Amino acid sequence: MKETRLGESEYRFACIVWENEPLPSTQLVKLCAEQLGWKKSTTYTVLKNLCGKGILCNQNATVRALVPKEQVQRQASAQVVENTFGGSLPQFVAAFLGQKGISAEEAAEIEAMLAAYRAKGGGDGC
């Protein structure tokens with residue numbers, strides 16, 4: 001799988017694209033000015049960089065994503081778990097719960113995700 005690591009401002013920029021795609025590059029400039037306080041030149045520089053990374057595409061002045069938001073999020077979260085917790089998801093969850101906690105609704109949602117994962121045959125070591 002292609003590496004899709006983004007910096008914080010690149011991620012915020014890509015979120016604008018994901019939420020509005022496909023969109024004309026002129027509209028992207030307006031949205032970045034409104035939401036990020038960026039000048040036109042900054043928007044086009046970041047767009048060029050993300051196109052170069054294969055994350056976005058600017059063809060015929062229309063911008064769209066080549067990589068889905070979920071893929072970027074999966075890779076970023078996996079990298080945090082790997083770098084900070086030695087790849088241990090239970091250590092990550094324990095640290096998160098010790099700091100922030102979760103609501104009963106969030107716990108139920110996580111339990112449902114785990115049940116769906118198990119139902120698909122996940123977690124059996126295969």
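**Close-up views: salt bridges and a nonpolar patch**

**View 1. Glu8 is exposed, at 61% relative accessible area.** The model is predicted. Glu8 pairs with Arg12 in a salt bridge. Their closest N and O atoms are 3.9 Å apart, which falls within the 4 Å cut-off for a salt bridge. Both residues belong to helix 1, residues 8-20. They sit 4 residues apart, about one turn of the helix. Arg12 is partly exposed, with 36% relative accessibility. The structure holds 2 salt bridges.

**View 2. Glu10 and Lys53 form a salt bridge.** Here the closest N and O atoms are 3.1 Å apart. Glu10 lies in helix 1, whereas Lys53 is in the loop between helix 3 (40-52) and strand 2 (56-59). The pair therefore ties together parts that are 43 residues apart in sequence. Glu10 is buried, at 15% relative accessible area. Lys53 is partly exposed, at 33% relative accessibility.

**View 3. Eight side chains make a nonpolar surface patch of about 670 Å²: Leu89, Val93, Phe96, Leu97, Ile102, Ile110, Met113 and Leu114.** Helix 5 (89-99) and helix 6 (104-119) are the elements that give two or more residues to the patch. Helix 5 provides the largest share, 4 residues.

**View 4. Leu114 is one of the residues of the nonpolar patch.** Leu114 is found in helix 6. Leu114 is partly exposed, with 40% relative accessibility.

Notes
Residues are numbered from 1 along each chain as its sequence is written. This is a predicted model: local features need pLDDT of at least 70, side-chain atom pairs count only at pLDDT 80 or more; totals for chains, interfaces and linings use all residues. Side-chain values use heavy atoms; hydrogens and water are left out. Buried means under 20% relative accessible area, exposed over 50%, partly exposed in between (1.4 Å probe, protein chains only). Patches are made of residues with over 30% relative accessible area and no salt bridge: like charges are joined within 9 Å, nonpolar side chains (Val, Leu, Ile, Met, Phe, Trp, Tyr) within 5 Å. Accessible areas come from the Shrake-Rupley method with a 1.4 Å probe; for residues, only the protein chains shown count as cover.
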